[in-house]
Amino acid sequence: MSSPLDSARPSEIPFRNPGWAGNTGQFELTEAEVRGDEYIGARALDGGHPSGAPAFPFMLVERNPDAPLFEGPYKTRFEKILTRYPDVQGALIPVLALAQEVRGHVSPSTLQEIAQLTGIPEAEVRGVASFYTMLNKRPVGRFLIQVCTNISCNLCGGDEVLHAFLEYTGTELGETSEGGVFTVTEVECLAACGFPTAVQINSRYYENVTPAGVPALLDRLRTEAR
Ligand code: FES
């Protein structure tokens, strides 16, 4: 039965989401222009997938586990973060992310310092840090390679991609390669399930990764590291 609302609807509603990020009908962009043609080579080194912008800018090239925690511009950022939340507990995750940006990981002593700085009980700081896998509890390499092996990626060869990364970096899961260049880990769903296998390297997303593409990808990273 037709509803009175039917006559109020335009006869043809433009289809504005053909299934890939970027095309909302406002811009004349091709999928290749939005995504790039392949996951290596074409993109700017610090670019990456438009939908893969990280929430945490936690992977700087320069990381010093012994750096003072929040000094200079980092002190300003720390203070700014505190003003953005109604209470200090609310600011804890961004503060942890900032600490990781400075030191590369959040060690037990860093967590202790954060507890002192914020007045949050140390057990609570540790509880939050241990819950979130994006907070590194131990040092990682220059490139942290996180391979998704959850269902969609798993069905499309995620395990094989993971093994290729381990083989070509010569590491075990979670171990850092010689010279501190690569650490390979396995993660649960990077929210890029439509493009398996999804891999996050530092803050960049790589999609449709296959075992055959792994050596070229690692070569590119080695070049960047140099
Ligand atoms: S299952 Fe791999 S990104 Fe979601």
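I took two strands as paired if DSSP finds at least two bridges between them; strands (E, at least two residues) and helices (H or I, at least four) are DSSP runs, numbered from the N terminus. The model is predicted, so I kept in mind that local features need pLDDT of at least 70, side-chain atom pairs count only at pLDDT 80 or more, and totals for chains, interfaces and linings use all residues. Residues are numbered from 1 along each chain as its sequence is written, and side-chain values use heavy atoms, with hydrogens and water left out.

Sheet. I found an open sheet of four strands, ordered β2-β1-β3-β4, with mixed pairing. β2 and β4 (204-206) are at the edges with a single partner strand each, so one side of each has no neighbour in the sheet. β3 (residues 199-201) and β4 run antiparallel and are joined by three bridges. I looked up Val 199 and found its bridge partner in β4 to be Tyr 206.

Ser 177. I placed this residue in the loop between α7 (158-169) and β2 (182-187). Is Ser 177 buried or exposed? Ser 177 is buried, with a relative accessible area of 9%; buried means under 20%, exposed over 50%, and partly exposed in between, with a 1.4 Å probe and protein chains only. Leaving out residues up to four places away in sequence, Ser 177 touches Thr 169, Thr 171 and Phe 182, where contact means heavy atoms within 4.5 Å.

Helix contact. I noted that Val 161 and Phe 165 are among the α7 residues that meet α8, where the residues involved include Leu 217 and Arg 222.
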